Amino acid sequence: MELADLGFDSWFQKKQEESQTPDCDVARITRVDRDRYLVRNEEKEIPAELTGKLLFSTDTRQGLPCAGDWVFVQYCNDGSLAIIHDLFPRKSFLRRRSAGDNIDFQMIASNVDVAFIIQSCDFNYNLRRMERYLVMAIEGHVEPIILLSKSDLVDNGDIEKKISEINDAYIGVRAAAFSNKTTSGLEAVQQMLEKGQTYCLLGSSGVGKTTLLNHLLGRDVFETNPVREKDGRGRHTTSCRQLTVLDNGSLLIDTPGMREVGMIAVDDSIDDSFSDIYELSRNCRFNDCTHTVEVGCAILIAVQNKGLDEERYQSYMKLMKESEFHQMSYTEKRKKDKRFGRMAKTAMKQTRKK
Ligand SMILES: Nc1nc2c(ncn2[C@@H]2O[C@H](COP(=O)(O)OP(=O)(O)OP(=O)(O)O)[C@@H](O)[C@H]2O)c(=O)[nH]1
Ligand SMILES: [Mg+2]
Ligand SMILES: [Zn+2]
């Protein structure tokens, strides 16, 4: 395998020629699991570590490697360990704002050509959430394609209605439905994948991202888990971001379903520090509960019953508001462009020009 097969194109070659790191090799980050990394080179996939210099010179999270990054490495231990000296500039990226922090971003993946924004046809389908992902892709110069999964759970009329709704709302964005269960529509998805191009699966937990990856691989390589029956919510099965090379030579990054509280994508670390509240929120009656006024809000009930500290609830809501504020600025940007489609089209043209 050559670097080109992993997506190393003339854009990156040029960056390499311009770089100040001549005595290093080049590899691509295939897996990030907290502070552990895997990289892939022409021959194999091996563990990697950051140099202390890189670690301590980076004061933002987005300065650290993410899945899909190209990096400058030196090998040690007979080539069984890579030391990451520096990152290549990113041609494109998927990232989201860290809540409670005005400037830092959490990187999801980089150097992605196409983002598959996946929602299931049943509980998970939601145009507003879809829009957040679309903005994320377009701002990162990534072409979005919308995929509706679990088409087996609804009838054909319903699928057609949803697809035309999406086509009306987001002009110029491709949308298709498929089922991992009946395999209907899977061939069409397969045909979207081109050799040497990088794709990223985005969407809530339980929509079937990893099941799709396993299908495309033709083997059950990665773990999947059933969703909760009453509301179709997933169990956060995939826990790290990982790039896989498919048989047809395309590259696919699977990601953990994003935790969305009240439809706001929040930073994992905040979610982690409020994991008790997060767990409670899974029992709210409505999927898009804002935890402020809703009947059947598990968080409000817990506050009332003194099962959850009122102050803790307030500080959680404060962080949520901040993150919502950031998201709102996206919507405002969008409003400036009268039509989302126009914005999408120009963004994609710019991406192709690069
Ligand atoms: N009916 C139906 N079930 C599906 C389909 N695709 C996936 N599932 C089921 O949905 C559940 C969740 O699938 P996963 O692939 O683990 O979902 P995921 O998006 O990877 O979830 P996270 O890793 O938690 O983000 C599994 O039980 C799958 O068998 C589909 O097309 N139809
Ligand atoms: Mg998964
Ligand atoms: Zn609630």
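Helix 6 (residues 209-217) supplies the largest share of the shell around ligand 1, namely 3 residues, where helices (H or I, at least four residues) and strands (E, at least two) are DSSP runs numbered from the N terminus. The structure is a predicted model, in which local features need pLDDT of at least 70 and side-chain atom pairs count only at pLDDT 80 or more, while totals for chains, interfaces and linings use all residues. Residues are numbered from 1 along each chain as its sequence is written, and chains are lettered from A and ligands numbered from 1 in the order in which they are written. Of the 25 residues around ligand 1, those that come nearest are G208, T210, T224, T238 and G257, a residue being near a molecule if its C-beta atom, placed from the backbone, lies within 6 Å of it. By class, this shell holds 15 polar, 5 nonpolar and 5 charged residues; Ala, Val, Leu, Ile, Met, Phe, Trp, Tyr, Cys and Pro count as nonpolar, Asp, Glu, Lys and Arg as charged, and the others, Gly among them, as polar.

The protein chain contains 11 helices and 15 strands. Of its 354 residues, 37% count as buried, that is, with 20 or more other C-beta atoms within 10 Å of their own, C-beta atoms being placed from the backbone. Strand 1 (residues 25-33) pairs with strand 2 in the antiparallel sense over 5 bridges, pairing being assigned if DSSP finds at least two bridges between two strands. The two strands form a hairpin with 2 residues between them, and R34 in the turn has a positive phi of about 55°. I29 stands opposite V39 in strand 2, and V39 in turn stands opposite I46 in strand 3. Strand 2 and strand 3 (residues 45-50) are joined in the antiparallel sense by 4 bridges. Because 4 of the 5 residues of strand 2 (residues 36-40) are buried, this strand is largely enclosed by the rest of the structure. Strand 1 also runs antiparallel to strand 4 (residues 70-76), with 4 bridges joining them, and R28 stands opposite W70 in strand 4.

Leaving aside neighbours within four places in sequence, C200 is in contact with L94, A109, V112, A115, F116, I253 and T255, contact requiring C-beta atoms, placed from the backbone, within 7 Å. Y199 lies in strand 11 (residues 198-202) and is buried, with 26 other C-beta atoms within 10 Å. The C-alpha atoms of Y199 and A109, 90 residues apart along the chain, are separated by 9.8 Å.

Methods
Buried ≥ 20, exposed ≤ 12 C-beta atoms within 10 Å, placed from the backbone. Contact = placed C-beta atoms within 7 Å.
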